[in-house]
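Please work through the following exercises with the sequence and the structure at hand. Each task is followed by a solution in steps.

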Amino acid sequence: MKSKVQSFGKFLSAMVMPNIGALIAFGFLAALFIDTGWIPNKGFSSMVGPMLTYLIPILIASTGGKMIGGDRGRVVAAIAVVGAIMSNTEITMLMAAMVMGPLAGFCIKKFDEAMDGHMPAGFEMLINNFSAGIIGMLLAMLGYLAIGPFMSAVLGVLSAGVNILVTHGLLPLVAVFIEPAKVLFLNNAINHGIFTPLATAQAAEAGKSIMYMLEPNPGPGLGVLLAYMFFCKDKATKDSAPGAVIIHLFGGIHEIYFPYILMNPLVIIAPIVGNVAAIFWFSLTGCGLQGPASPGSIIAYLMMTPGSDMLKVIVGVLLSAGISFAIASPIVRMAGSKSLEEAQNEMAAMKAEAKGQAAPKAIERTGEIKKIVFACDAGMGSSAMGATKFRNRIKAARPDITVINTSVDNIPGDCDIAVVQTTLAARAKKSAPQAQLVTIGNFLADPELDNLYFQLTTNDIPLTAPAAGENTDVVIPEVPVKKQVIVKEGIRLGQKPVTKEEAIRAAGELLHELGYVEADYIDAMQEREKLITTYMGMGVAIPHGTTQAHRTVKKTGIVFLQYPEGVDFGDEKAQLIFGIAGIGNEHMDLLSEICNMLEDEERLEKLKTTGDIDWVLEQFT
């Protein structure tokens, strides 16, 4: 049942999301130029009505038609929805558009399927054009006579229900459903599939609507992230929270805080109560937005706020954040040091389809991976952030790989690896059965993204296209590195410039000298470099042996060689050479630890020039 609701809500939001720009344009025009706007202008305000009455419903319907029936579905849907619009131009027919669009796409798709193979040669253009026109006309008539009036009645009932909730002070209770649904990644479906049509109808009459404010309020999620930032016991989680705060508050990507709630489901109480308080305040003070705040950042929220409501809206956001923070803080403080990685398992449990993961079959080289797609529900928020971050990270080492973002239901057919949140894994598999899946819980700090990066740049656990019917989730065994893996004798500073081969041999000989590896491992390091460079970017190289050489590793360890003037690795220079050796899969953990340490740019630059061995050792331990 939940899956059907998710699919329906996802379809509704998918029709609205690509057209949010039009809704925002309408909101700006209304906020600026109507009689009660910031700078009233009769000429510019004349665009508000037609944009709301005609443009936005036509855009939404044509999007729905294209989703079902392609380009022909888009045209037929645009024709058909005009009938529903003209049945009652006093209201905004967004809900009718959400019906007419898919219906038009379905009808033209079925017609094309029926005509497939039966089209007389030379009559293709005639039949295609006339069929689209005739079907569009018939559906427009149906919209005018039946669908438009019916959806007007439905909208009237829903609006009356909202008015009853507002009148009796019950609207704040919707937060009890909004916040848990958001954590299940239904936020776009709720906001743009349900609240936006109701809000737009209200805004057309009153100039603003509280319905625009219910889901995108950044305050409740901000309170949760601040609680983790100040009181979480797990250091990795605590360190990731400040970045999440910025992305959530100013970027408007609410999905960033969902894993933090899933670490401890009891925390969900905090945003619920925070949003209840905010909605109560907004209802009490008569607040509303003039257009959708999408994405739900504080910037978009305030830009859609009428000038007279600005202070009241700011108070409401701060109130929700403060209450959410006050409730979440003791829960986070008393909880165990649960990590983001553990939260991923809880996310997997929410989706039975996401269980039973297995590692893929390997190929000889990762060079065959050409396109990585980050996918989220709508393809505009968290996936865009994740793709940008990973693209910047990998471009130096693998400029041949394309990294893009899209919605989970529109992953392209040439995708080699799809990176998705765990709860969206089943939809990703259906959308792109040819792709390998990397399922994650957090786009900011997720070990699977580290593992993917090192697979692609070091060729340690190669990736390949799956066989038919094969499970395609990528799962890397994790072995915590808790032992002392570097000693003072393994640090060499101020080394003179040498060739790449000499630097790699020096690192291998030092590993051998300290008892980490057998002598054969040194040649295996050179062999690895011939397969694919171990230069990682940022002046860092991490040479290590081939997979076959792991049997020559005696114990896990790292050596560190500093070349202030740099060692040529192709067109790049490496000032820092990390020689590594790991028992089993522990080399993956070593790579991850080095990467995490070098994310601090100030520390990275100091490592390239420092002469203080004790300071270097301290950074590793």
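**Exercise 1.** Determine which residue of E8 Ile491 stands opposite, and how E5 and E8 run.

*Solution.* Step 1: Ile491 stands opposite Phe560 in E8. Step 2: Two bridges join E5 to E8, and these strands run parallel. Two strands pair if DSSP finds at least two bridges between them. Strands (E, at least two residues) and helices (H or I, at least four) are DSSP runs, numbered from the N terminus.

Two remarks on the source apply throughout. The model is predicted, so that local features need pLDDT of at least 70 and side-chain atom pairs count only at pLDDT 80 or more, while totals for chains, interfaces and linings use all residues. Residues are numbered from 1 along each chain as its sequence is written, and side-chain values use heavy atoms, with hydrogens and water left out.

**Exercise 2.** State the order of the strands in the open sheet and identify the strands at its edges.

*Solution.* Step 1: The open sheet has five strands in the order E5-E8-E9-E7-E6, with mixed pairing. Step 2: At the edges stand strand E5 (491-492) and strand E6 (535-537). Each has a single partner strand, so one side of each is left without a neighbour in the sheet. Step 3: Helix H19 (residues 500-513) packs on the sheet and touches E5, E8 and E9. A contact means heavy atoms within 4.5 Å. The direction of H19 makes about 165° with that of E8.

**Exercise 3.** Describe the partners of strand E9 (residues 572-581), and find which residues are bridge partners of Ile577.

*Solution.* Step 1: Strand E8 (residues 557-569) is joined to E9 by nine bridges, and the two run antiparallel. Step 2: E8 and E9 form a hairpin with two residues between them, and Gly570 in the turn has a positive phi of about 70°. Val540 stands opposite Leu576 in E9.

**Exercise 4.** Find where Pro433 lies, and decide whether Pro433 is buried or exposed.

*Solution.* Step 1: Pro433 belongs to the loop between helix H17 (425-431) and strand E4 (436-440). Step 2: With a relative accessible area of 58%, Pro433 is exposed. Step 3: Cys415 is 18 residues apart from Pro433 along the chain, and their C-alpha atoms are separated by 9.7 Å.

**Exercise 5.** Classify the crossing of helix H12 (residues 269-285) with helix H7 (residues 175-183), and then that of H12 with helix H14 (residues 310-334).

*Solution.* Step 1: Axes are lines fitted to C-alpha atoms, for helices over the stretch in contact, and angles run from 0 to 180 degrees between N-to-C directions. Angles under 35 degrees count as roughly parallel, over 145 as roughly antiparallel, 65 to 115 as roughly perpendicular and the rest as oblique.

Step 1: The axes of H7 and H12 come within 9 Å and cross at roughly 135°. H7 and H12 are therefore oblique to each other. Among the residues in this contact are Ile178 in H7 and Ile279 in H12.

Step 2: The axes of H12 and H14 come within 8 Å, with a crossing at roughly 155°. H12 and H14 are therefore roughly antiparallel to each other. Residues that meet here include Trp281 and Phe282 in H12, and Ile323 and Ile327 in H14.

Key:
Buried < 20%, exposed > 50% of the residue type's maximum accessible area, 1.4 Å probe, protein only.
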